[in-house]
Amino acid sequence: MSKERSNDVYSNIKDEILKCLPPVAQVTVIEFEGPEVAVYSRNPSILIEGEDLLKEIAKKIKKRIVLRSDPKVRMEKEKTEQIIREIVPPEAEIEHIYFDDVLGEVIIEAKKPGLVIGKGGSTLKEIILKTSWRPTVMRSPPIESKIIKQNRALLRARSEERKMILRNIGLRIHRAVISSKDEWVRIVCLGGFREVGRSAILVQTPESNILLDCGVNVGSSTRAFPHLDAPEFDLENLDAVIISHAHLDHAGFVPFLFKYGYNGPIYCTRPTRELMMLLLRDYIEVARKEGKLVPFTLKDVAKALIHTIPLEYGEVTDITPDVRLTFHNAGHILGSAIVHLHIGEGLHNIVYTGDFKYAKTKLLEPANWRGIPRIETLIMESTYGAPDDVMPPRYEAEKRLVDVINRTIRRGGKVLIPVLAVGRAQEIMLVIEEYMRKGELLEVPVYIDGMVWEATAIHTAFPEYLARDLREKIFHQGYNPFLADCFTQAKDRDEILEDKPCIILATSGMLTGGPSVEYFRLLAPDPRNSIIFVSYQVEGTLGRRVQKGWQEIPMQVIDETLRETRTEIIKVNMEVHTIEGFSGHSDRQQLLKFVDELTRNSGRNKERRYHIEKIIICHGESSKCLSLGATIEKKLRGRIDVAVPHNLESIRLH
Ligand SMILES: [Zn+2]
């Protein structure tokens, strides 16, 4: 890419904006801020009052515009803070006010952000008009989150650097395209095909290289990382990384890219950004404790954070000269997204489901495809793609959970539920809270392990992403189930293990490390106790062995007095239960229903018919990928090409 051509696009956008704005706006700088355009003005009030004009320009140049004030006209900080506190009603409960000198933003952290914003943004406008600082409102979660605090502090501290990064990303996105090129689209399967773990897909066009997910397989030492050694993958030419959701098998390898010189953007939703930081930091910590090697450091994790550009569901964003990205709710975990890539001007549309749940849960609304205008290629997961992967109805699963817990408590036992910190943990918390509140579950303390606690805190920072009725409870009835009295943050393990019945929610969900392993070791020999698996157990993990009914399990135990590890045989006398139905993944029926609704060519949904040309199956054990692929092919009677590729295969889509 030559510099002049990139500057060409930039000057065109700049000229267009200047042409439309009245001289009284006193624009001083126009520059890219990632995919957006920032306009610095000495008279921001004129632009606020002429809001329609800004919208018109944005439409014309097909870019989002951020209005910023020139440093010269910003009011003194002390005075600004005073004015904000006068304008914003005290019920908003402002906790902090920070200033970002680089961007001219005043960051207002409040318990009730809605009251800071005001009706139709009226209070925010008033703040700009009176102070010439641009207010950014952030929620102070009702459960304090260390991660969110850390992330926000880091972003504030490195604002100058971030501004430069965003400017460079913007220039790269808006480089000129050589239109005479042949048009093609292909993908390269770098990880997560015919397996669960290390998800990574490279999308290539003559103009762009985009990575969809970049995960690790925590359960494997030989197949832990995606094939970034594939000849097609070139870090230097990578334009963008898109993360569907925060789980490590989709985002765990992101910092590695930065360690080796990647300098481009990570696109994900706002909750994904916070959860991803939590899981990445924990990944490093757990590995360090276990003496395992992690190919990156906390420094690289921080780099990933300042390169992340969060997007809302439904927001269409240019990420390269020929690719537009839009996220849609995937219903899997907080902030999880179905990724829609629009390539060229109507050339090809790829939809990548990531992990998705095509049914409502207590925590989230079901996956939503209805905002997607077109799909030619569908890349979908198949975790539960086999014929016997049909989950029981939710109420049955809940009833079984309540039964097992009540029986265990009555005989004086403890219940261990190994959970993924993000997703299943909160879903199970909501079930426990509801049944205890209704008096159907015996009241005992529910200990929430530190990591789960932190993840739950992050959930309380994003109530607008939660299921409708849960949101309704939080916003309109003023009741937040996550703050219920039954939940206690697990701090003192000895105290928890005292001879009293209780419920323990701890990570990891597959007993591959973390406190759940330690709880298991201590609780397994007592027949009064129960372990309940509520999520998928990957082959080869301790969780899978226990689930399969192993009665004696050799485990490595660290003897602290002798300072050595020894192998201990653990007798599993506790009751072992697997309760399906709480999964954040679609089961076989839901997967097929999803495909059916997207491809049906008759019936009520006729108006929303996609001309899908290809379905590519990923994210499942080989047998499940194959089974789902074969079933879909049969159902569609060869109308659509179905592929079940291996890692390292590449497929031309257009
Ligand atoms: Zn996931």
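Modeller: In this predicted model, helix 7 (residues 146-157) packs against helix 15 (residues 450-461) at an angle of about 65 degrees, and their axes are 8 Å apart.

Biologist: Why are helix 7 and helix 15 called roughly perpendicular to each other?

Modeller: Angles of 65 to 115 degrees count as roughly perpendicular. The angle here is about 65 degrees, so helix 7 and helix 15 are given that name.

Biologist: Which residues make helix 7 and helix 15 meet?

Modeller: Lys146, Ile147 and Ile148 in helix 7 meet Glu454, Ile458 and Ala461 in helix 15. By class, this contact has 4 nonpolar, no polar and 2 charged residues. Lys and Glu count as charged, while Ile and Ala count as nonpolar.

Biologist: Helix 7 also comes up with helix 12 (residues 298-306). What makes helix 7 roughly perpendicular to helix 12?

Modeller: The axes of helix 7 and helix 12 cross at roughly 75 degrees and come within 10 Å. The range for roughly perpendicular is 65 to 115 degrees, and therefore helix 7 is roughly perpendicular to helix 12.

Biologist: Where do helix 7 and helix 12 meet?

Modeller: Asn151, Leu154 and Leu155 of helix 7 meet Ala302, Leu305 and Ile306 of helix 12. The residues of this contact divide into 5 nonpolar, 1 polar and no charged.

Biologist: How do you know that helix 4 and helix 6 are roughly antiparallel to each other?

Modeller: The axes of helix 4 (residues 77-87) and helix 6 (residues 122-131) come within 10 Å and cross at roughly 150 degrees. Angles over 145 degrees count as roughly antiparallel, so that is the term for helix 4 and helix 6. Helix 4 passes helix 6 in a right-handed crossing. Thr80, Ile83, Ile84 and Ile87 of helix 4 make the contact with Thr123, Glu126, Ile127, Lys130 and Thr131 of helix 6. By class, the contact has 4 nonpolar, 3 polar and 2 charged residues.

Biologist: On to the strands. What makes strand 1 and strand 2 count as paired?

Modeller: At least two bridges are needed for a pair. Strand 1 (residues 27-33) and strand 2 (residues 36-41) run antiparallel and are joined by 6 bridges. One of the residues with a bridge partner is Glu31, whose partner in strand 2 is Ala38. Strand 1 and strand 2 form a hairpin with 2 residues between them, and Gly34 in the turn has a positive phi of about 65 degrees.

Biologist: How do you know that strand 10 and strand 11 pair?

Modeller: Strand 10 (residues 240-242) and strand 11 (residues 266-268) have 2 bridges in the parallel sense. The cut-off is at least two bridges, and 2 bridges meet it. Val241 stands opposite Ile266 in strand 11.

Biologist: What makes strand 12 and strand 28 edge strands?

Modeller: An open sheet of 7 strands runs in the order 12-11-10-9-8-7-28, with mixed pairing. Strand 12 (308-310) and strand 28 (650-652) each pair on one side only. From one strand to the next, the twist averages 25 degrees.

Biologist: How many residues of domain 3 and domain 4 are in contact?

Modeller: 25 residues of domain 3 are in contact with 25 residues of domain 4. A contact needs C-beta atoms within 7 Å. The side of domain 3 that touches domain 4 has 12 nonpolar, 6 polar and 7 charged residues. The centres of domain 3 and domain 4 are separated by 29 Å. Domain 3 spans 181-387 + 585-652, and domain 4 spans 394-578.

Conventions:
Residues are numbered from 1 along each chain as its sequence is written. This is a predicted model: local features need pLDDT of at least 70, side-chain atom pairs count only at pLDDT 80 or more; totals for chains, interfaces and linings use all residues. Domain bounds come from an automatic or database domain assignment. Two residues are in contact if their C-beta atoms, placed from the backbone, lie within 7 Å. Helices (H or I, at least four residues) and strands (E, at least two) are DSSP runs, numbered from the N terminus. Axes are lines fitted to C-alpha atoms, for helices over the stretch in contact, and angles run from 0 to 180 degrees between N-to-C directions. Angles under 35 degrees count as roughly parallel, over 145 as roughly antiparallel, 65 to 115 as roughly perpendicular and the rest as oblique. A crossing is left-handed if the near helix is turned anticlockwise from the far one by less than a right angle, and right-handed if clockwise.
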